Amino acid sequence: MDSDEQDSLLGQRVGKDGRLELQRQLGEGASGSIWLAQDHKRDRLVAVKFLHLSMLDNENLRARFLREGKTFGKLRHDNLVRVHGLGHHHGQPYLVIEYVDGQTLWDLIERGWLFEPDQAL
């Protein structure tokens with residue numbers, strides 16, 4: 001994500017009636033960026049994943065992003081975050097996901113954390 005894309009989302013309100021206020025970027029990957037947002041309707045923090053602007057012209061990637069969001073939204077398991085919904089903000093698709101505060105797996109690996117076999121599985 002370039003700095004213009006990041007700056008354009010900071011502080012924005014998205015979702016129905018602007019209920020989600022984007023507070024800060026949590027991370028980014030090859031296909032999108034994840035933001036921490038305050039859900040003012042439900043009074044909770046959520047994560048919002050946006051598809052990168054550079055991928056908006058690729059209809060296959062857009063469709064895949066939304067299809068995966070719908071599919072994950074149907075799954076229920078203690079080890080999976082919940083997908084609360086999906087939408088578009090100025091034509092940019094996003095997913096609203098359960099926010100789980102904590103460390104990433106990558107953070108633990110970088111610190112040399114050794115996992116017991118049952119933890120790794």
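Modeller: Let us begin with residue classes: Ala, Val, Leu, Ile, Met, Phe, Trp, Tyr, Cys and Pro count as nonpolar, Asp, Glu, Lys and Arg as charged, and the others, Gly among them, as polar. This is a predicted model, in which local features need pLDDT of at least 70, side-chain atom pairs count only at pLDDT 80 or more, and totals for chains, interfaces and linings use all residues. Residues are numbered from 1 along each chain as its sequence is written, and side-chain values use heavy atoms, with hydrogens and water left out.

Biologist: How many helices and strands are there in the protein chain?

Modeller: Helices (H or I, at least four residues) and strands (E, at least two) are DSSP runs, numbered from the N terminus. The protein chain has 4 helices and 6 strands, in the order α-β-β-β-β-α-β-β-α-α from the N terminus on.

Biologist: How much space lies in the largest pocket?

Modeller: Rolling a probe the size of a water molecule over the atoms shows where empty space is left. On a 1 Å grid over the protein atoms alone, a pocket is an open set of points where a 1.4 Å probe fits, with protein on both sides within 12 Å along at least five of seven lines; lining residues have an atom within 4 Å of a point. Grid points are joined across faces, edges and corners, and a volume is the space filled by probe spheres set on the points. Here the largest pocket holds about 700 Å³. It is lined by 15 residues, of which Val81, Val100, Gly102, Gln103 and Thr104 are the closest to its centre. Strand S2 (20–28) and strand S6 (92–98) each give two or more residues to this lining, and S2 gives the most, with 3. By class, the lining has 8 nonpolar, 4 polar and 3 charged residues.

Biologist: Which element gives the most to the lining of the second largest pocket?

Modeller: The second largest pocket has about 320 Å³ of space. Among its 17 lining residues, Lys49, Phe65, Glu68, Phe72 and Leu95 are the closest to the centre. Helix H2 gives the most, with 6 residues. This lining divides into 11 nonpolar, 3 polar and 3 charged residues.
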